[in-house]
Amino acid sequence: MSNLKLLEKFVLDLKMEGFNFAIDDFGSGYSSFRYLKQFPIDVIKIEGEFIRNMLSDEKYMAFVKSIVTLAQSLGVSTIAEFIEDEEVLAAVEGLGIDFGQGYHLGRPGPNFVSRRQPLLVSK
């Protein structure tokens, strides 16, 4: 990412062609926020460590809530990783996260699968 201006032009050109963009592991580094500000991001995938620990650690929960609020304010969809049980699924739904993945929702596969409304998917 040595030339962010060149990358920005490339991303904007692709966006004009109809491509969507996502940031994976959002929150794992300081650059995530810069990319969200600088590029036309459609989806952020919340760092799995935050989801995995949010029910047992209030700091992780605070991070997840903040990320969801930020994404909603910017019109960006959210994906939660590591949905491993019903308790985490209920918390993710309660926070308004748009999509999810994890063994509780299904094993990894080539297609997205709808579970119920609000839409949560497994990949």
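Predicted model: local features only at pLDDT ≥ 70, side-chain atom pairs only at ≥ 80, totals over all residues.

Me: Why is Ser32 called buried?

Reply: A residue counts as buried when its relative accessible area is under 20%. Ser32 has 5% relative accessibility, so it counts as buried. This residue lies in helix α2, residues 31-38. Leaving aside neighbours within four places in sequence, Ser32 is in contact with Ile23, Asp25, Phe26 and Gly27.

Me: What makes the buried residues of α5 line one face of the helix?

Reply: Helix α5 spans residues 86-95, and its buried residues are Val88, Leu89, Ala91, Val92 and Leu95. Viewed down the axis of α5, these buried residues fall within an arc of 165°, and therefore they line one face. They pack against α3 (48-53), α4 (58-74) and β3 (77-80). The face turned away from the buried side of α5 carries the exposed residues Glu87 and Gly94.

Me: What is found at the N-terminal end of α5, and what follows the helix?

Reply: Asp85 caps the N-terminal end of α5, with a side-chain oxygen 3.1 Å from the backbone nitrogen of Glu87. That value can be set against the cut-off for a polar contact, a pair of N or O atoms within 3.5 Å. After α5 comes Gly96, whose phi is positive, near 85°.

Me: How many aromatic pairs are there, and why is the pair of Tyr35 and Phe39 called tilted?

Reply: Rings pair if their centres lie within 6.5 Å, and planes under 30 degrees apart count as stacked, over 60 as edge-to-face and the rest as tilted. By this rule there are four aromatic pairs. Tyr35 and Phe39 are 5.9 Å apart, centre to centre, with 45° between the planes, and the pair is therefore tilted. Phe39 has 8% relative accessibility, so it also counts as buried.

Me: How do you know that the pair of Phe50 and Tyr60 is tilted?

Reply: The ring centres of Phe50 and Tyr60 are 5.7 Å apart and their planes stand at 50°, so this pair is tilted. It links distant parts of the chain, with Phe50 in helix α3 and Tyr60 in helix α4, ten residues apart. Both Phe50 and Tyr60 are buried. Together with Phe63, they form one aromatic cluster.

Me: What makes Arg52 a charge over the ring of Phe82?

Reply: The definition asks that CZ of Arg be within 6 Å of the ring centre and within 35 degrees of the ring normal. Arg52 lies over the face of Phe82, at 4.5 Å from the ring centre.

How values were computed: Residues numbered from 1 in each chain as written. Heavy atoms only, no water. Buried < 20%, exposed > 50% of the residue type's maximum accessible area, 1.4 Å probe, protein only. Helix = DSSP H or I, 4+ residues; strand = E, 2+ residues; numbered from the N terminus. Arc of directions from axis to C-beta. Contact = heavy atoms within 4.5 Å. Polar contact = N/O pair within 3.5 Å; in protein donor to acceptor, adjacent residues only side chain to side chain. Phe/Tyr/Trp six-rings, centres within 6.5 Å; stacked < 30°, edge-to-face > 60°.
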